[in-house]
Amino acid sequence: LLVRAGRLFDGLGPGYQLRRNILIRDGRIETITGWSDPPPADAEIIDARELVVLPGLIDTAARDGWPDGSRAGRSWLAWGVTSIRQWTDDLDATRARRERWHSGKQPGPRLHTGLALCAPDLARAGRRLAQARRFAANSIELCGATPGDQLAEIAAFASRAGLGVATAAPFPGALLGASEISLTGRRELLDAYPGGFDRFAYADLTDLAGAGGLTVVSRLSPAGLPGLVQRSESLLQAPAFSGLNTEADRYWYEESWRRQRAIAGTALRAEQRTAVQSAFRAVGRGARLVTGSNAPDTPRGMSLHAEMRLLAESGLQPFQVLGMASLEAARALGLEHELGRIEPGLRADLVLVRGNPLADVTDAASVVASIVDGRLYRCLLY
């Protein structure tokens, strides 16, 4: 497969490479050359001369939930999301989903597994960690239900086993060995509307993350989407949202957002301002900020673009935001030598978009096609 790109963002930035041929063979990028170089005689040529080619986007904080099956995989790809890390406590179902997507039996992104670990004791935690290794999980997420005096031991055990350690509650997890925290604080479930919303963490957390060189997952969209879709309806009008979510799904999301605005609009706006300030501060303090959306609490794929737009509102430049959704996210998963950039030798995960996303990150949602492991997905709205 040869992608003839008019503009190429390699994931490092801050500008484009122009008029490049990207040759893909056996799922990897083999060469990147100029248009003047002749393509191999047997290559299928993808004409992207009027398009921008980006590294495949990565959502580091997806979860189990509706809808599943082929529609879920197409939803991710239609928005240019070529990799997700799914937090799960059902490793068997996740492995089956990964095999369907990776084999090409169903369209879907590259699926990385994270074990959501809520263990009441060290013995059970040890058994679950051993199971996680067998199922090729690359990280664990500690929940608040685990006794505090055992969190540090479980985190240390997981680290020795080569697993990344995330925590659902920044405190005390960030002090007890977790390498990854969320920009959101504790979960606030409000009975007045579906789903509730997340309270955002403040300056003390971002200072701690920067000082410790921690990875911070954005997760802005659960509280930020209600206001975002009100300010601009472009996400709601996208064919991928209407075409790959059922009428019931769309109603659930839109009614949830409407009720959140009606009941907690002032609080949500204040939380969002705090969130974007915290995001900017975290980066300034040296933390690695990466994109994660908590989908399907928010719509698959669409929510990652909401994350990027909310990050851009913090004052971050589009090339920084796109890097957080590609190279930095790959680093957080320990896969920076495989994913997150466009260069020879890496896996061929690409997204082709219209517009100029380095000038306006909203253009990254104008997806024409996604490529996962060298497999091209042109049209996913069926």
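This is a predicted model: local features need pLDDT of at least 70, side-chain atom pairs count only at pLDDT 80 or more; totals for chains, interfaces and linings use all residues.
Me: Why is Phe157 called partly exposed?
Reply: Phe157 has a relative accessibility of 40%. Buried means under 20% and exposed means over 50%, with partly exposed in between. Because 40% lies between these cut-offs, Phe157 counts as partly exposed.

Me: Where is Phe157 found, and which residues does Phe157 touch?
Reply: Phe157 belongs to helix 4, which covers residues 148-160. Leaving aside residues up to four places away in sequence, Phe157 touches Gly126 and Leu129. A contact requires heavy atoms within 4.5 Å.

Me: How far apart are Phe157 and Leu122 in sequence and in space?
Reply: In sequence, 35 residues separate Phe157 and Leu122. In space, their C-alpha atoms are 9.8 Å apart.

Me: What makes helix 1 mostly covered?
Reply: Helix 1 spans residues 70-78, and seven of its nine residues are buried. Each of these seven has under 20% relative accessible area, since that is what buried means. They are Ala72, Gly73, Arg74, Ser75, Trp76, Leu77 and Ala78.

Me: What do the buried residues of helix 1 pack against?
Reply: Their partners include strand 5 (57-63), strand 6 (81-88) and helix 2 (91-103). Helix 9 (239-243) is also one of the partners. After helix 1 comes Gly80, with a positive phi near 80 degrees.

Me: What is the average pLDDT of the chain, and where is the pLDDT below 50?
Reply: The chain averages a pLDDT of 85, and 87% of the residues score at least 70. Over residues 186-198, however, the pLDDT is below 50. Beyond near neighbours in sequence, this stretch has 32 contacts in the model.

Conventions. Residues are numbered from 1 along each chain as its sequence is written. Side-chain values use heavy atoms; hydrogens and water are left out. Helices (H or I, at least four residues) and strands (E, at least two) are DSSP runs, numbered from the N terminus. Buried means under 20% relative accessible area, exposed over 50%, partly exposed in between (1.4 Å probe, protein chains only). pLDDT is the predictor's confidence in each residue, from 0 to 100.
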